[in-house]
Amino acid sequence: MPFYDLKCKTCGEEFNIMAKMSDKDQNLIKCVKCGSDDLETLFKNINIVQSKKNSSSDCPNIHKCGGCCGH
Ligand SMILES: [Zn+2]
């Protein structure tokens, strides 16, 4: 299940909760503090996995040269 960072629009509480996507879609997630379901989703902690490699790891001889041979 994914984690959601949510902010309660009623009391301003920000919290992180693990919930099913269907629970979120149906607004079944409640504020941990006041119980309101009027929540705003924050995306501050979502880390987008970068497929980009850094240049040193592209070197086929990295185990020999440590990535400093210019490849
Ligand atoms: Zn609240």
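1. Lys-30 is partly exposed, because its relative accessible area is 40%; buried means under 20% relative accessible area, exposed over 50%, and partly exposed in between, with a 1.4 Å probe and protein chains only. Lys-30 forms a salt bridge with Asp-37, and the closest N and O atoms are 3.7 Å apart. A salt bridge here is a side-chain nitrogen of Lys or Arg within 4 Å of a carboxyl oxygen of Asp or Glu. Asp-37 also counts as partly exposed, at 40% relative accessibility.

2. A word on the source. This is a predicted model, in which local features need pLDDT of at least 70 and side-chain atom pairs count only at pLDDT 80 or more, while totals for chains, interfaces and linings use all residues. Residues are numbered from 1 along each chain as its sequence is written, and side-chain values use heavy atoms, with hydrogens and water left out.

3. A search of the whole structure finds two salt bridges. Besides the one between Lys-30 and Asp-37, there is one between the side chains of Glu-13 and Lys-33, at 3.8 Å from N to O. This pair links distant parts of the chain: Glu-13 is in the loop between β1 and β2 (14-18), and Lys-33 is in the loop between α1 and β3, 20 residues apart. Helices (H or I, at least four residues) and strands (E, at least two) are DSSP runs, numbered from the N terminus. Glu-13 is partly exposed, with a relative accessible area of 24%, whereas Lys-33 counts as exposed at 59%. Side chains of opposite charge can pair when their charged atoms come close.

4. The zinc ion is coordinated by the SG atoms of Cys-8, Cys-11, Cys-31 and Cys-34, at 2.3 Å. Donors are N, O and S atoms within 2.8 Å of the metal (3.2 Å for Na, K and Ca); water is not among the atoms, so sites may look incomplete. Along the chain, the donors follow the spacing C-x2-C-x19-C-x2-C. Cys-8 in strand β1 (residues 3-8) and Cys-34 in the loop between α1 (21-25) and β3 (39-42) are 26 residues apart, and the pair links distant parts of the chain. Cys-8 counts as buried because its relative accessibility is 1%, while Cys-34, at 39%, counts as partly exposed.

5. Why is the arrangement around the zinc ion tetrahedral? The four donor atoms subtend angles of 105 to 117°, and four donors count as tetrahedral if all angles lie between 85 and 135 degrees.

6. The largest nonpolar core has eight residues: Tyr-4, Leu-6, Cys-8, Phe-15, Ala-19, Ile-29, Cys-31 and Leu-39. Such a core is a set of buried Ala, Val, Leu, Ile, Met, Phe, Trp, Tyr and Cys residues joined through side-chain atoms within 4.5 Å. Strand β1 gives the largest share, three residues.

7. Ser-36 lies in the loop between α1 and β3 and counts as buried at 14% relative accessibility. The side chain of Ser-36 makes a polar contact with that of Thr-10, at 2.9 Å. A polar contact is a pair of N or O atoms within 3.5 Å; within protein, one must be able to donate a hydrogen and the other to accept it, and residues adjacent in sequence count only if both atoms are side-chain atoms.

8. Leu-42 lies in strand β3 and counts as buried at 19% relative accessibility. The C-alpha atoms of Leu-42 and Leu-6 are separated by 5.4 Å, although these residues are 36 residues apart along the chain.

Terms used. Tetrahedral: all angles 85-135°; square planar, octahedral: opposite > 155°, others 65-115°.
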